[in-house]
Amino acid sequence: MPSGAAGRERFARRGTAVRTGVESAAMTPRRRSFGRRPDLLAAVAALALAAAAFAVALPSRRARADDAPSAEERAEAVDRQVQKGWAAFRRGNHEEALARAERLEKLDPGNPVARVLKARVFARTGRYEEGLALAEAAVRAAPGDLRSAALRYDFLLRLGRLDEALSVATAAIAEHPDDLVARTVRGQVLEARGRRKEALADFDQVIAAYNARDPRPEEIPSVATAALRATRLSPNAADDLTMGALNLLKQRIEAEPEDVDLLLAFADVYRANPGTQGQSIAGKYYKKVLDQNPMVAEARVGQARIALVFYRQDQAVQACRTALQVNQNLVPAMNVLAAIHVGDGDYDQADAMWERARKVNALDKEARSVRAARLYITGDRAGFAALEKELLAEDPTYGALYTTVAELVGERQRRFDVAAELSSKAIETDPTDPRAYVVAGENLMNLGREAEAKAAFQKGVAASKGWQDVVRDNFLEVLDVLETFVEAKTEHFVVRQHPEEAAVVGPYLLPLLEESRAALQRKYGFECTSPILVESFHRSDDFSTRSVGTPGLPAIGVCFGQVITLAGPLSGDLGAFSWARTAWHEYAHVVTLQMSKGQVPRWLTEGLSVHEEKAHKAQWGREMDRELYDRWRNGRLLRMAEINHAFRGPDILFAYFQGGLIADYVSREWGFEAITKMLRRFADDVPTEKVFEEVLKVPLKDFDARFSKYVEELVGAYRMQPRWDDESKKSFEARTEKDPADAEAWTRLAWAHHQRGNAVDAGAALEKARRLAPDAPEVVLLQAETAMRANRLDLAAERYRKFLSLGGDDVGARLALARIALGDKKSAEAVEHYEAAKKCFPRFVGKGNPYVALAELRQGEGDAEGAMKELEAYAEIAQEDWGVRKKLLAWYVSRKDDAAVARVCAEMIEISPFGASRGKKPDLEVHARFAEVLERAGKKREAAREWKVQSVLVDRLPEEERKKAGGVEARLALGRLLLELGQPDEAVDAALGALAIDPESVAAKALKAQATEAAVGK
């Protein structure tokens, strides 16, 4: 790396005026946001080739003024083909570009542009061998053309022909020492071989040449690459030429805005910067590339890598698949997919990607690293060792091998202890790689070794030369937050919580965890290694950051096998989730992960955790019956072959739900012992297909059909119109085209249009259905719905009744008839339809459900007991509805039904012991009523717990409100119970707390005296 004036003459360091006109990615104070670890080597390894080759100059008009007209016309034709050929290429119209190149070749056989244009198309579409031949021919025809030379280097590197690239570049330098393109390529190859000092010397010479003269436009991408690689390789922490390199590229982009390859190279550099701006700017430029030319497959791979940062695996998969449709030989796309497949345990698909990649470039390091991870995870240590030896022989500094394997071991096996050891190897192999420290720190966090993790992250800051890494910096920030937490311990758990939640949630969380451990140990016949570290967060971003290093995780709990992270009740709105159900769910993960040595598939570990929720408490069953019914009717239940991927995309919530149903089904059909056998087989990393054949005696391909029949048992009796999805809609359209007399297809197509608000199309399809089957129930029902939507209530009611008379039934029809009846003040008829609606869809939860409607009707008729029965029925299926339980509590208190009061209070506390969202005043009814009934039942210790929590909640109010809120009475009740329990010191504290609220309280003074005397006596 150049030092002193030579290195800084024109390349400014980070933070100087060189940023002008460039989105700054400079180091800024840590802040929480999305980002990922750097891999600058991968991002810019071919930057010069990805840009320098991509701006071929257009030949000038060759016709002279005195040429014959035929020659002039010929020159114009040549010029026209050149112009239109490149325009087509820039738009991504490859067929036209190739056609123009063919015409150009016929018009002017010696014109090199024809070969270069075709080669560029072949580079874009994966025809690398053909492209290389054309590039070599172009170089022979124009030996001094750096663009053609860069294109040849690009093909050689894509094909993994490093020796040849090195030889060609060395020969070019011998002939022209000032060839900056060749010198940059040689530096890249030397770096790839681990010959870093030699590589740095080449990069330094490129920078020195840049400082000595203005480079040609075609050299600038190479200069930028040399600056970036020199920054990476220099041992001097002050040597940082990144912003200068970006500024150079920006200048070229401004000069050639149509060159999408310059934009691509610019985006790649930013994506490799793991800071906030890096990811954001990269995403903006990838989009800009694809807006200009949707056929740039490399930009989609860049988008895929960003998508993985946001845990949108489905988007990453789709982006890479789209990229491979354009360029079937794009190895980076194969590598991303292979890594995803290994992480999900889909080894056959991972192997397929590896086979494709190695046929293109058998020396690709990323491809071989993912392959090494696959071999390591599946126990082929000999195969792993062979690849390890091969890679390190080529490049002794290639620590990224171990980092890749560590990440996938953590993802697939949850063996974070093994992953941490691999990360240590990565650091030993390449102590200058910032990414290795981040991965090491993450694995240590997942093991609960937080002090060691912090040290690793801090070393990563130094290795990155001070540049941001959002994951690393977020972990460091959340570690600071954790230092403010309070800790409590039981025999098997260490629980850390923020003080704001600890005093309110802690008294319930610790016993619940011990209860879950005892229950699940009996059920699974497996004793988990303890203690388990549980960290519960009062802020959602803190929870997400502690879990995965970035905010925005769409989850409320994460389990790493020995560590559990939880979103506490203050982290979300009241009723958004149950902290208790979440804690039970996550401890079930501890069992299944430890029992399977971390290798249980995602669908089964999540499914069993959902299964254990409702096995523990029926109310904890999840509320997705409507979606289950729709998916079943559409034939769109998740298939076993795809369910693991669903946990990384928009179907994640349903994947949890269906996973739970699969666990229910297996347990019912084969007994719970089959579940434990499956977990033990997965511990040996036996593939899912083999586990099904061994344990269930069912081929995996047959399981989907059997499971669908089970779902039919669950929802087949529901009576409601399915919501037809887009695939079903397309199939109905295809059916009507094939058979215009298909009445069912026309009817369902009409429903699909109606559900999307397409009134005209719905009406047209409905009319055809009506002509074919005027009395079909679905036809009549849609006629009723259409009338209802038009507010023609009389006509709607007439058609709904006709639908019922034809033998149909439907929850929507019943609810509509009930509303119409209420409008006509016919409450008895409304009740009849609401009762029928419950039968049509018994698990109707949410707005418009018949249970709440009936409760309101019965309450209005003076039938309070009937109203409460409806609310009780609703509460059984609405697990997190605080409001309905608040009504039930008031009812049971008025009835002096202590058992029901205690049950409802416990349910409300499991939703939130605060009874309010963050920033809102707590509910002061629940704990007081609970304490009273517990005390009457002689459960003094539990009653004292409730009064203590009540006192803490009162203290959350402004001081002037605490007395009126019952703060004195709560502490007096607590103090009296503590005295009875033989805890006089704590009773003194309670009395002092009461006096702090009301210094004149006679009762508090008396309690203080009594407690003090008892403490002295004790």
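Asp-881 caps the N-terminal end of helix α46, with a side-chain oxygen 3.1 Å from the backbone nitrogen of Gly-883. This is a polar contact, that is, a pair of N or O atoms within 3.5 Å; within protein, one must be able to donate a hydrogen and the other to accept it, and residues adjacent in sequence count only if both atoms are side-chain atoms. The model is predicted: local features need pLDDT of at least 70 and side-chain atom pairs count only at pLDDT 80 or more, whereas totals for chains, interfaces and linings use all residues. Residues are numbered from 1 along each chain as its sequence is written, and side-chain values use heavy atoms, with hydrogens and water left out.

Helix α46 comprises the 13 residues 882–894. Helices (H or I, at least four residues) and strands (E, at least two) are DSSP runs numbered from the N terminus. Within α46, Trp-882, Val-884, Arg-885, Leu-888, Leu-889, Trp-891 and Tyr-892 are buried, where buried means under 20% relative accessible area, exposed over 50%, and partly exposed in between (1.4 Å probe, protein chains only). The cover over these buried residues includes α45 (864–877), α47 (898–911) and α48 (926–936). Just after α46, Lys-896 adopts a positive phi of about 55 degrees.

The whole chain provides the setting for this helix. The protein chain has 53 helices and five strands, and its C-alpha trace spans about 110 × 90 × 60 Å along the principal axes. Of its 1018 residues, 58% count as buried. Contact here means heavy atoms within 4.5 Å. Among contacts between residues at least 6 apart in sequence, 65% join residues at least 24 apart. The chain exposes about 41300 Å², of which carbon and sulfur atoms supply 51%; these areas come from the Shrake-Rupley method with a 1.4 Å probe, and for residues only the protein chains shown count as cover.

The interior may be described through its nonpolar cores, each a set of buried Ala, Val, Leu, Ile, Met, Phe, Trp, Tyr and Cys residues joined through side-chain atoms within 4.5 Å. The largest nonpolar core has 159 residues, of which Tyr-524, Trp-603, Met-678, Leu-696, Phe-703 and Phe-707 touch the most other members. Leaving aside neighbours within four places in sequence, Leu-696 is in contact with Val-666, Trp-670, Ala-674, Met-678, Val-691 and Phe-703. Apart from this core lies another, of 137 residues, among them Phe-155, Ala-226, Ala-367 and Tyr-376.

Charged pairs form a further theme. Side chains of opposite charge can pair when their charged atoms come close. The structure holds 100 salt bridges, a salt bridge being a side-chain nitrogen of Lys or Arg within 4 Å of a carboxyl oxygen of Asp or Glu. One of them joins Lys-729 to Glu-733, with the closest N and O atoms 3.0 Å apart. Both residues lie in helix α37 (residues 726–738), four residues apart, about one turn of the helix. Lys-729 is buried because its relative accessible area is 17%, while Glu-733, at 26%, counts as partly exposed.

Another salt bridge pairs Lys-940 with Glu-980, with the closest N and O atoms 2.7 Å apart. Lys-940 lies in helix α49 (residues 940–954) and Glu-980 in helix α51 (residues 967–980), so the pair ties together parts that are 40 residues apart in sequence. Lys-940 is partly exposed at 34% relative accessible area, as is Glu-980 at 48%.

Lys-1005 is partly exposed, with a relative accessible area of 41%, and Glu-1000, at 59%, counts as exposed. Elsewhere, salt bridges that share partners join Glu-450, Glu-487, Lys-489, Arg-496, Glu-535 and Arg-546 into one network.

Two loop positions complete the account. Ser-1001 is placed in the loop between α52 (984–997) and α53 (1002–1017). Its relative accessibility is 8%, and it therefore counts as buried. Not counting residues up to four places away in sequence, Ser-1001 touches Val-968 and Leu-995. Glu-258 lies in the loop between α13 (242–255) and α14 (260–272). Leaving aside its neighbours within four places in sequence, Glu-258 is in contact with Arg-90 and Gln-292.

Terms used. Expected span 1.5 Å × (residues − 1).
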